[in-house]
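Please keep the sequence and the structure in view while reading the points below.

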Amino acid sequence: MSSETASAKSPYGVKNPCIARLKVAHELTRPGATKSTWHYEIDLSGSGMEFTPGDSLAVQPQNDPELVGSIITALGFSGTETVPNPKGGEGTIRDVLTAVSAITEFDGKLLKAVAAKTGDNALLDLTTLEKKDELKKYNLGRDVLDVLNENPAAKFEPAEFIGLLRRLNVRLYSISSSLKAFPDQVHLTIATVRYESRGRQRNGVCSTFFADRVTLGSPLPTFIKSGAGFRLPEPNDDSPIIMCGPGTGIAPFRAFCQERRATGARGDAWLFFGEINRATCFFYEDEWQSYLADGTLRRMDTAFSRDQAQKLYVQHKMLEHGRLLFDWLEHGAIFYVCGDASRMAADVDKALQEIIAKEGGKTSEQALEYLETMKAAKRYRRDVY
Ligand SMILES: Cc1cc2nc3c(=O)[nH]c(=O)nc-3n(C[C@H](O)[C@H](O)[C@H](O)COP(=O)(O)OP(=O)(O)OC[C@H]3O[C@@H](n4cnc5c(N)ncnc54)[C@H](O)[C@@H]3O)c2cc1C
């Protein structure tokens, strides 16, 4: 049975997650970095959970107990009130706010109920379909505690309040290891999300669940989300591959390199990585050096945006080596990109178009067609978020 089939047939899912255990956690970013990114190793022993490089791990996080406590206080509850658990049965409001309901995000349902209690028509208006974009703006940087603090006149019954919240969803992480290199383990590469809004420190639910709350050995509900479109060529297929993974986008390519070393894949591999500074953010540097040394990687190009006066990104390194990159494409290379969807993926796409037009002597329409043909042949694969 191929491992792709195995992950598709995994007995685990959102309703019956695999309870894995955190085994190793260490920070990848070095002192002085303006962000914090961590490497996590999770033990799957005895679970039978399998995956293929390119898959993601879904993790069911828990909310920050301090934020849960502040919400309970703002509501005037003790935390021991019994409420229906949206997943079934009953629980204390503290437990449900910790593990089942979303408290860092909300939708119109909560605002409608608040507006009904306070008579705030402007707030009610925000929940209409026509005000969809304004509601988005209102929600940005606001959490459930903000809504309660801004509307102290809104009083709720415990069960009523829980009924107004969304469900706390799983978060997905690109798997950064191969079972062939690390049997019974799954590795993740996670950037910790922290920012300030409305004078209060905000913490990304799952990334700080890992960074602040999960201790070694503590249970982690997980399951595999298949990345069916994001797959390596078979080991006996000697197509070259080009991997572009700035930031945490590097994660699946660590898994790809481990897999290709283990299977003795023949095709050439080229990796683009980018981050802020080489000194503080060159994730897994030693590993890339060893892949370059043994030929698992044919070449690697890096772009550290703040290491020179002019900002430098992965797309600039692609353009710098446009001639060679186009040669690889002409030799059947598969191009993979993983990471930030908001800007990076579009910049990389534009760079590819430019390279194909310039080096292939094509018009921009022909370059677009070339990329479309690559996509149709599954030679341009994206895993962006
Ligand atoms: C297929 C896939 C693979 C992924 N792989 C990885 C991976 O390998 N590594 C990784 O780190 N992440 C990865 N992610 C992203 C990951 O799933 C989470 O979205 C990320 O960790 C944030 O989750 P969180 O629960 O910590 O933050 P959340 O609680 O979900 O908060 C994040 C939200 O906070 C808001 N926010 C963030 N910054 C600000 C700000 N400055 N001002 C106002 N609002 C802000 C935004 O609305 C943002 O969506 C992947 C996502 C997908 C879909």
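Strand 12 and strand 13 are paired in the parallel sense, with six bridges between them. The model is a predicted one.

**Helix 14 and its two faces**
- Helix 14 covers residues 322-330, and its buried residues are Leu-325, Trp-328 and Leu-329.
- Viewed down the axis of helix 14, these buried residues fall within an arc of 100°, so they line one face of the helix.
- The face turned away from the buried side of helix 14 carries Arg-323 and Glu-330, which are exposed.
- The buried residues of helix 14 pack against two strands, strand 11 (241-244) and strand 12 (269-275), and against two helices, helix 13 (314-320) and helix 15 (344-360).
- Just after helix 14, Gly-332 adopts a positive phi of about 90°.

**Domains**
- The protein is divided into domain 1 (3-55 + 170-225), domain 2 (65-162) and domain 3 (241-384).
- The centres of domain 1 and domain 2, taken over C-alpha atoms, are 28 Å apart.

**Surroundings of the ligand**
- There are 22 residues around the ligand, of which Tyr-195, Gly-204, Cys-206, Ser-207 and Tyr-385 come nearest.
- Strand 6, strand 7 (185-191), strand 8 (194-197) and helix 9 (205-213) are the elements that give two or more residues to this shell.
- Strand 6 contributes the most to the shell, with four residues.

**The hairpin of strand 8 and strand 9**
- Strand 8 and strand 9 (residues 200-203) run antiparallel and are joined by four bridges.
- Arg-194 stands opposite Asn-203 in strand 9.
- Two residues lie between the strands of this hairpin, in which Arg-198 takes a positive phi near 50°.

**Two buried residues**
- Leu-165 lies in the loop between helix 8 (158-162) and strand 6 (171-174).
- Leu-165 counts as buried because 21 other C-beta atoms lie within 10 Å, where 20 or more are required.
- Although Leu-165 and Ala-102 are 63 residues apart along the chain, their C-alpha atoms are separated by 6.3 Å.
- Leaving aside residues up to four places away in sequence, Leu-165 touches Ser-101, Ala-102, Ile-103, Phe-106, Leu-110 and Val-144.
- Pro-252 belongs to helix 10 (residues 251-263).
- Pro-252 is also buried, because it has 27 C-beta neighbours inside 10 Å.
- The C-alpha atoms of Pro-252 and Ser-178 are separated by 9.2 Å, while the two residues are 74 residues apart along the chain.
- With residues up to four places away in sequence again left out, the contacts of Pro-252 include Pro-53, Gly-54, Phe-230, Cys-338 and Asp-383.

Technical notes. Residues are numbered from 1 along each chain as its sequence is written. This is a predicted model: local features need pLDDT of at least 70, side-chain atom pairs count only at pLDDT 80 or more; totals for chains, interfaces and linings use all residues. A residue is buried if 20 or more other C-beta atoms lie within 10 Å of its own, exposed if 12 or fewer, and partly exposed in between; C-beta atoms are placed from the backbone. Two residues are in contact if their C-beta atoms, placed from the backbone, lie within 7 Å. The arc is that of the directions from the helix axis to the C-beta atoms. Domain bounds come from an automatic or database domain assignment. Two strands pair if DSSP finds at least two bridges between them. A residue is near a molecule or strand if its C-beta atom, placed from the backbone, lies within 6 Å of it.
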